[in-house]
Amino acid sequence: MSKKENNSYAYQRFKELQEKNNVTEYAVSSATGISTTVFTQWSRGDYNLKLDKLVLIADYFKVPVTHFIE
C-alpha cells in the first residue's frame with residue numbers, strides 16, 4: 001500500500017516553510033494549538049485546513065496568509 005500525500009498548494013507551501021525553518025509539525029502544533037492529528041490528516045489529504053488555521057500557521061511563520069493561497 002502506497003503512502004498517500006497531500007499535493008495541495010497550501011500544504012506544499014507549509015512543508016517548504018517547515019523545512020526552511022527546521023521545525024517539526026509538533027513544534028507548530030504546540031505553538032498554534034492545532035492538533036497533531038489535524039496535521040497528520042492534512043498531510044494525507046484527508047483534511048483541508050480552514051482559513052482560521054491557516055492564519056495561525058501564517059502568524060507562526062511570520063508570513064501573510066496569502067502565502068498559502070495559489
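User: On what basis are residues and atoms included here?

Analyst: Residues are numbered from 1 along each chain as its sequence is written, and side-chain values use heavy atoms, with hydrogens and water left out. Because the model is predicted, local features need pLDDT of at least 70 and side-chain atom pairs count only at pLDDT 80 or more, whereas totals for chains, interfaces and linings use all residues.

User: At what angle do the axes of helix α2 and helix α3 cross?

Analyst: Two packed helices are described by the angle between their axes and the distance between the axes. Here the axes of α2 (residues 25–32) and α3 (residues 36–44) cross at roughly 130° and come within 9 Å; helices are DSSP runs (H or I, at least four residues), and axes are lines fitted to C-alpha atoms over the stretch in contact, with angles from 0 to 180 degrees between N-to-C directions. That makes α2 oblique to α3, oblique being what remains after under 35 degrees (roughly parallel), over 145 (roughly antiparallel) and 65 to 115 (roughly perpendicular).

User: How many salt bridges are found, and which residues does Glu25 involve?

Analyst: A salt bridge is a side-chain nitrogen of Lys or Arg within 4 Å of a carboxyl oxygen of Asp or Glu, and the whole structure holds 3. One of them joins the side chains of Glu25 and Lys15 at 3.7 Å, N to O; Glu25 lies in α2 and Lys15 in α1, so the pair ties together parts 10 residues apart in sequence.

User: Is Glu25 buried or exposed?

Analyst: Glu25 is buried, with a relative accessible area of 19%, where buried means under 20%, exposed over 50% and partly exposed in between (1.4 Å probe, protein chains only), while Lys15 is partly exposed at 23%.

Definitions and conventions
Helix = DSSP H or I, 4+ residues; strand = E, 2+ residues; numbered from the N terminus.
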